[in-house]
Amino acid sequence: MVSMTHQEQRCQVIQACIAHQQHVAAVAKQEMDSAQQQSNEYGANVDRYDAYRTKMMRARDMYAKQYSNANTSIRYLQEMLRMQ
């Protein structure tokens, strides 16, 4: 059985975190695009207080924030790998 050093274990954990954040970013991007598309397909903006369109735009904004946060986390984690 091959024993890993603390450094190798740390590297594996960071790489697993990067993979997880990449998955989170991909899902958030997909959901963000889907909410935007649903809003676009809903039709012309007739009423400025349209509840459905507002709901879709809030969902899009929420997923955009998650996407941005995941990408920021990926950059930080990649920087941690470079610092080793």
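**Ground rules.** I worked from a predicted model, where local features need pLDDT of at least 70, side-chain atom pairs count only at pLDDT 80 or more, and totals for chains, interfaces and linings use all residues. I number residues from 1 along each chain as its sequence is written, and my side-chain values use heavy atoms, with hydrogens and water left out.

**Cysteines.** I looked for disulfides (pairs of cysteine sulfur atoms within 2.5 Å) and found 0 in the structure. I checked C11: its closest cysteine sulfur belongs to C17 and lies 11 Å away, so the two are too far apart for a bond. From C17, I get C11 as the closest, again at 11 Å. I then looked up accessibility, where buried means under 20% relative accessible area, exposed over 50%, and partly exposed in between (1.4 Å probe, protein chains only). C11 is partly exposed at 22%, and C17 is partly exposed at 33%.

**Aromatic rings.** I searched the whole structure for ring pairs of Phe, Tyr and Trp (its six-membered ring), with centres within 6.5 Å; planes under 30 degrees apart count as stacked, over 60 as edge-to-face and the rest as tilted. I found 1 aromatic pair. The ring centres of Y42 and Y52 are 4.7 Å apart and the planes meet at 40°, so I logged the pair as tilted. The pair links distant parts of the chain, 10 residues apart: I place Y42 in the loop between α1 (6-41) and α2 (51-82), and Y52 in helix α2. My helices (H or I, at least four residues) are DSSP runs, numbered from the N terminus. I noted Y42 as partly exposed at 42% relative accessible area, and Y52 as partly exposed at 30%.

How values were computed:
Helix = DSSP H or I, 4+ residues; strand = E, 2+ residues; numbered from the N terminus.
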